[in-house]
Amino acid sequence: MKLHASGEDYLEAILVLHKKMGMVRSVDVARHLEVTKPSVCHAVVTLRDGGFLTMDSDYFLHLTDVGREVAEQIYEKHRFFTDRLIEAGADPETAERDACRMEHVISQESFEHLRDAYKTKKE
């Protein structure tokens, strides 16, 4: 299943919230992304049907292995671009917004080349 940017944002949010809080419910995602609960419910159904997450009997959201892999990739891109933009002098809030857009349009292959080149340059 091909994910849209919004689906990637939901997976990333679940990952971030899980790291911060341990357990994640739809209402937590809604607050974090500043979207409505019905929007989250629709996304959860779509992501569940796509095999990216599950919901347990207590309504906690859990990333599947595939969902976690996608979320980790998106989060890595987000952090990388945010940090580089801030290093270059961008306002942190602007850097966060721009990184969120950049993370969705760059291919994984190009990102890995950019990340590796940056690491090599820093060493």
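Student: Buried means under 20% relative accessible area, exposed over 50%, and partly exposed in between, with a 1.4 Å probe and protein chains only. Which of these applies to Cys100?

Tutor: Cys100 is partly exposed, because its relative accessible area is 25%. Please note that this is a predicted model, in which local features need pLDDT of at least 70 and side-chain atom pairs count only at pLDDT 80 or more, while totals for chains, interfaces and linings use all residues. Residues are numbered from 1 along each chain as its sequence is written, and side-chain values use heavy atoms, with hydrogens and water left out.

Student: And Cys41, what is its relative accessibility?

Tutor: The value for Cys41 is 33%, so Cys41 counts as partly exposed.

Student: How many disulfides does the structure have?

Tutor: The search of the whole structure finds zero disulfides, a disulfide being a pair of cysteine sulfur atoms within 2.5 Å.

Student: Moving to charges: how many salt bridges are there?

Tutor: There are eleven salt bridges in the structure. The term requires a side-chain nitrogen of Lys or Arg within 4 Å of a carboxyl oxygen of Asp or Glu. One of them joins the side chains of Arg115 and Glu76, at 2.9 Å from N to O. That pair links distant parts of the chain, 39 residues apart: Arg115 belongs to helix α6 (residues 108–122) and Glu76 to helix α4 (residues 65–87). Helices here are DSSP runs (H or I, at least four residues), numbered from the N terminus.

Student: Is Arg115 buried or exposed?

Tutor: Arg115 counts as buried, because its relative accessibility is 15%.

Student: Which residue does Arg84 meet in a salt bridge?

Tutor: The side chain of Arg84 meets that of Glu87, at 2.8 Å from N to O. The two are three residues apart in helix α4, so about one helical turn separates them. Arg84 is itself partly exposed, because its relative accessible area is 21%.

Student: What about helix α5, how far apart are Glu93 and Arg97?

Tutor: Their side chains form a salt bridge of 3.5 Å, N to O. Glu93 counts as exposed because its relative accessibility is 56%, whereas Arg97, at 44%, counts as partly exposed. Being four residues apart in helix α5, Glu93 and Arg97 are separated by about one helical turn.

Student: Now the rings. How many aromatic pairs are there?

Tutor: The structure holds four aromatic pairs. Rings of Phe, Tyr and Trp (its six-membered ring) pair if their centres lie within 6.5 Å; planes under 30 degrees apart count as stacked, over 60 as edge-to-face and the rest as tilted.

Student: Why is the pair of Phe80 and Phe81 classed as it is?

Tutor: Their ring centres are 5.5 Å apart and the planes stand at 75 degrees, so the pair is edge-to-face. Both Phe80 and Phe81 are buried. Together with Phe111 and Tyr118, they form one aromatic cluster.

Student: Which charged end sits over the ring of Phe80?

Tutor: The charged end of Arg84 does, 4.9 Å from the ring centre. The criterion is NZ of Lys or CZ of Arg within 6 Å of the ring centre and within 35 degrees of the ring normal. Likewise, the charged end of Arg25 sits over the ring of Phe60, 4.3 Å from its centre.
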